[in-house]
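This briefing goes through the fold topic by topic. Please keep the sequence and the model open while reading.

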Amino acid sequence: MLKAGVLGAGHLGKIHLRLLNQSDKYELVGFYDADENNAKRVAEEFGYTYFNTIESLIEAVDVVDIVTPTLSHYDCAKQAIAKGKHIFIEKPITNTVEEAEHIRELLAENNLRGQVGHVERFNPAFIGIKDQLDKPMFIETHRLAEFNPRGTDVPVVLDLMIHDIDIILSVVKSKVINVQASGVSVISETPDIANARLEFENGCVANLTASRISLKNMRKTRFFQRDAYISVDFLEKKCEVVKMKDAPEQPGDFDMILQNAEGVKKQIYFDNPEISNNNAILDELETFANAINTNTKPIVTLHDGTEALRVATQIINCFK
């Protein structure tokens, strides 16, 4: 079991603490939180060991789980790497692309492992269909959330849209060549609603919408490719796959048949995969432990996290 410590005991940090504590891959050593009153409350309520300094926690563990505000990710990661510790770092990886690239360099120089918390990669609905995604040429995403004051210190692009940016970059193995975007600040100092259009070298186009002042929550992505339409509901953990094949000579009464102007007939059919329920956060933490123990590449690398931040930054720069 790897000894793990958590930096940050806010909303998400407490979830990480609970899951690390129940995992058989880790031994939870304790946590550090900059808010001493909050740290004492968490320690008293849950019984986790509270460390008075970041340095003392890092010294006591093998893996540092960084769940602090984004602005402090870089400094926390540098301290952990300097002491020879593996790092799990929540998204967005850092505040700037330059910081992210420096962390990647430090990690490689010290032969350590790092993973970024892009949790939607572990969503069972996405896992269910990702093997069927084959060169999608148009992607549309909607990630809408009801207003929550927590998180409004960063643009909605870094708060919500970055999840979909990472998913798209993991699927479209091509370079982003053009970014267009617009954003509107409604209640925050930074945009609360944003739309972005990404164009890729291979011709794929992605249209992303994110809002944190919606009346209802929605997390849906639709992929269009030559042979299929694939829809993923990340919130409801459901997916739908609609495909076409050559129509049979004698269609059944309930077969859905399309015929084009040239007389070619195609049959529409559903190929929905089985979805296995999981705890996505627990899975991302445990697959990271497996990567450390087997000396293999984590599922969401620091390179992945850096590229997602790079595109997010390009989108944000369009607002200026």
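A residue counts as buried under 20% relative accessible area, as exposed over 50% and as partly exposed in between, with a 1.4 Å probe and protein chains only. The model is predicted: local features need pLDDT of at least 70, side-chain atom pairs count only at pLDDT 80 or more, and totals for chains, interfaces and linings use all residues. Residues are numbered from 1 along each chain as its sequence is written, and side-chain values use heavy atoms, with hydrogens and water left out.

**Overall**

- The protein has 9 helices and 14 strands; these are DSSP runs numbered from the N terminus, helices being H or I of at least four residues and strands E of at least two.
- The radius of gyration is 22 Å, close to the 20 Å that the globule rule gives for 320 residues, so the protein is as compact as a globular protein of that length. The radius is taken over C-alpha atoms, and the rule is 2.2 Å times the number of residues to the power 0.38.
- The C-alpha trace spans about 75 × 45 × 40 Å along its principal axes.
- Buried residues make up 51% of the 320.
- Of the contacts with a separation of 6 or more, 67% are between residues 24 or more positions apart; contact means heavy atoms within 4.5 Å.

- An open sheet of 5 strands has the order 2-1-3-4-5, with parallel pairing; two strands pair if DSSP finds at least two bridges between them.
- Strand 2 (26-32) and strand 5 (114-117) are the edges, each pairing on one side only.
- Neighbouring strands of this sheet are turned by 20° against each other on average, direction ignored.
- Helix 1 (residues 11-22) packs on this sheet and touches strand 1 (2-7), strand 2, strand 3 and strand 4; its direction makes about 150° with that of strand 2. Axes are lines fitted to C-alpha atoms, for helices over the stretch in contact, and angles run from 0 to 180 degrees between N-to-C directions.
- Strand 3 (residues 63-66) and strand 4 (residues 86-90) run parallel and are joined by 4 bridges. Valine 63 stands opposite histidine 86 in strand 4.

**Helix 4 against helix 5**

- Helix 4 (residues 73-82) and helix 5 (residues 97-109) pack at about 10°, with their axes 10 Å apart. That makes helix 4 roughly parallel to helix 5, a label for angles under 35 degrees; over 145 counts as roughly antiparallel, 65 to 115 as roughly perpendicular and the rest as oblique.
- His73, Tyr74, Ala77, Lys78 and Ile81 in helix 4 meet Glu99, His102, Ile103, Leu106 and Leu107 in helix 5.
- The residues of this contact divide into 6 nonpolar, 2 polar and 2 charged. Here Ala, Val, Leu, Ile, Met, Phe, Trp, Tyr, Cys and Pro count as nonpolar, Asp, Glu, Lys and Arg as charged, and the others, Gly among them, as polar.

- A second open sheet has 9 strands in the order 7-8-9-6-10-11-12-14-13, with mixed pairing.
- Its edge strands are strand 7 (176-184) and strand 13 (256-259), each of which pairs on one side only.
- From one strand to the next, the twist averages 15°.
- Strand 7 runs antiparallel to strand 8 (residues 193-200), with 8 bridges joining them.
- Helix 9 (residues 302-317) lies across strand 7 and strand 8, at about 55° to strand 7.
- Strand 6 and strand 10 run antiparallel over 7 bridges, with histidine 142 opposite lysine 220 in strand 10.
- Strand 10 and strand 11 (residues 228-233) pair in the antiparallel sense over 6 bridges and form a hairpin with 2 residues between them.

**Threonine 141**

- Threonine 141 is found in strand 6 and counts as buried at 1% relative accessibility.
- Leaving out residues up to four places away in sequence, threonine 141 touches Asp164, Ile168, Asn207, Leu208, Thr209, Lys220 and Thr221.

**Backbone exceptions**

- Most residues other than glycine have a negative phi, and most peptide bonds are trans.
- A cis peptide bond joins lysine 91 and proline 92, with omega about -15°. Proline 92 is in the loop between strand 4 and helix 5.
- Asparagine 111 has a positive phi of about 55°. Asparagine 111 sits in the loop between helix 5 and strand 5 and is exposed, with a relative accessible area of 60%.
- Lysine 237 has a positive phi near 60°. Lysine 237 lies in the loop between strand 11 and strand 12 (238-246) and counts as partly exposed at 35% relative accessibility.
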